[in-house]
Amino acid sequence: MYQSPRRLCSALLQRDASGLRRLPALGLRRQSSPPAAVPRPASPRLLAAASAASGAARSCSRTVCSMGNGTSRLYSALAKTLNSSAASQHPEYLVSPDSEHLEPIDPKELLEECRAVLHTRPPRFQRDFVALRTDCPSSHPPIRVMQWNILAQALGEGKDNFVQCPVEALKWEERKCLILEEILAYRPDILCLQEVDHYFDTFQPLLSRLGYQGTFFPKPWSPCLDVEHNNGPDGCALFFLQSRFKLVNSANIRLTAMTLKTNQVAIAQILECKESGRQFCVAVTHLKARTGWERFRSAQGCDLLQNLQNITQGAKIPLIICGDFNAEPTEDVYKHFASSSLNLNSAYKLLSADGQSEPPYTTWKIRTSGECRHTLDYIWYSKQALSVRSALDLLTEEQIGPNRLPSFNYPSDHLSLVCDFSFNEDPEGVL
Ligand SMILES: NC(=O)C1=CN([C@@H]2O[C@H](COP(=O)(O)OP(=O)(O)OC[C@H]3O[C@@H](n4cnc5c(N)ncnc54)[C@H](OP(=O)(O)O)[C@@H]3O)[C@@H](O)[C@H]2O)C=CC1
Ligand SMILES: [Mg+2]
């Protein structure tokens, strides 16, 4: 039954059986009158538990931190104590100690809360899934994977110079609802994010209440820490639905380039499907940005491929790799992935008429330096073990609008990519 946002919020504020006040999942106050304002909780019980460990780190990182100073090192160190260290393989570190105490939330209720906060904004864009393979019936539900560079709040406000994007469109309290709305609209089984600088206070607590298990690996020297009032370093985050998968193994990888440690990271996890018992490896990364760094990106890509070779025991385990590669398909790093012995294909090529061309853009923005329209984001997959059943179409130029991204309608300068995968039958010996 449809509940108005006003009724929903009051329902969320009722006392639960334990006598403790239940709080709105988002803990947000609406910007203007109708519908009624949601009181900001004085002490959000559920969010406090999840973000307590990050509180000290966040308060110390609210000052301007130049890279390499004690404060950013302290944050990095603290963040790492909550996650596994570089290239470690300790699943026990990856389980949030508080996750079992978190009250589940209904995704529909959270979506309603988001929509109430966003009621003054234009409606979200309609995007459709394009069916790609209907000829290979599978006895198990598909695995939906979402890849998205969500735009770090500190970079969007302090570094990216999106000259056509009004500052009000970047306000975190509303932008986070647009991000959550996009995630909730597609409800991925696996969510791979880049530029996450609100992991501990937003995504980890909320997504864990939606049934996800999350891992965060911050960049060692995040440029976010240069920005005044930053919320800590940005990094990659990987979430999967605990109802569908069991974590078998996990590695946080600091990428190297020509044997040197770099500022870019990846997370790779082996997951086991609870329905089918099949195992696969999913990885998320964000390679070095900017022109002039093509060889560096290429070296980082080679390092990631080598790590994935080791993790999948030479491609014995099927792979899905999501990332903002910061590289057009013409770059060497793309070519390395396309020709790797891991037998990978890029899922979004399948949206093209011949199945051979990447989409014309995955990011589109206007900076002081001009308009930047590029294809940089990819979902790679083991082409012999997996099939892409469908993929979410991109936004059209008309939907994106003349001021490009981010905007009041869309929270990031990068588009989300979403694919439904299924395992091919009888892959024995094919890999
Ligand atoms: N003190 C130290 O030892 C070190 C300090 N640093 C700091 O980190 C920063 C760079 O870190 P690094 O990880 O290499 O960052 P990158 O060059 O990879 O870029 C960082 C972010 O900037 C965005 N970006 C890309 N192009 C532009 C542009 N033209 N204008 C504004 N933003 C852009 C990228 O977004 P997208 O991916 O969406 O394009 C990316 O998220 C330095 O500026 C420095 O402050 C870094 C290393 C060491
Ligand atoms: Mg960016």
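Visitor: Where does Pro 406 lie?
Guide: Pro 406 is in the loop between α11 (397-400) and β15. Helices (H or I, at least four residues) and strands (E, at least two) are DSSP runs, numbered from the N terminus. The peptide bond from Leu 405 to Pro 406 is cis, with omega near -5 degrees.

Visitor: What kind of model is this?
Guide: This is a predicted model: local features need pLDDT of at least 70, side-chain atom pairs count only at pLDDT 80 or more, and totals for chains, interfaces and linings use all residues. Residues are numbered from 1 along each chain as its sequence is written, chains are lettered from A and ligands numbered from 1 in the order in which they are written, and side-chain values use heavy atoms, with hydrogens and water left out.

Visitor: OK, back to β15. Is Ser 422 buried or exposed?
Guide: Ser 422, which lies in β15 (residues 417-423), counts as buried because its relative accessibility is 4%. Buried means under 20% relative accessible area, exposed over 50%, and partly exposed in between (1.4 Å probe, protein chains only).

Visitor: What does Ser 422 touch?
Guide: Leaving out residues up to four places away in sequence, Ser 422 touches Ser 138, Ala 385, Leu 386, Ser 387 and Arg 389. Contact means heavy atoms within 4.5 Å. With Arg 389 there is also a side-chain polar contact of 2.8 Å. A polar contact is a pair of N or O atoms within 3.5 Å; within protein, one must be able to donate a hydrogen and the other to accept it, and residues adjacent in sequence count only if both atoms are side-chain atoms.

Visitor: New topic: which residues come nearest to ligand 1?
Guide: Lys 219, Asp 226, Asn 263, His 286 and Lys 288 come nearest, out of 20 residues around ligand 1. Near means that a heavy atom of the residue lies within 4 Å. The side chain of Lys 288 has an N or O atom 2.7 Å from a ligand oxygen. Glu 195 has a side-chain N or O atom 2.8 Å from an oxygen of ligand 1, and a polar side-chain atom of Gln 264 is 2.8 Å from a ligand oxygen.

Visitor: And β3, how many of its residues are buried?
Guide: Seven of the seven in β3 (residues 190-196), so this strand is largely enclosed by the rest of the structure. β3 runs parallel to β2 (residues 143-149), joined by five bridges, and Met 146 stands opposite Leu 191. β3 also pairs with β5 (residues 235-241), antiparallel over five bridges, where Cys 192 has Leu 238 as its bridge partner. Strands pair if DSSP finds at least two bridges between them.

Visitor: What's the strand order in the six-stranded sheet?
Guide: The order is β6-β7-β8-β9-β13-β10, in an open sheet with mixed pairing. Its edge strands are β6 (245-257) and β10 (344-346), each pairing on one side only.

Visitor: What links β6 to β7?
Guide: Eleven bridges in the antiparallel sense join β6 to β7 (residues 260-273). Phe 245, for instance, has Cys 273 as its bridge partner. In the loop between these strands sits Thr 259, with a positive phi near 70 degrees. At 75% relative accessibility, Thr 259 counts as exposed.
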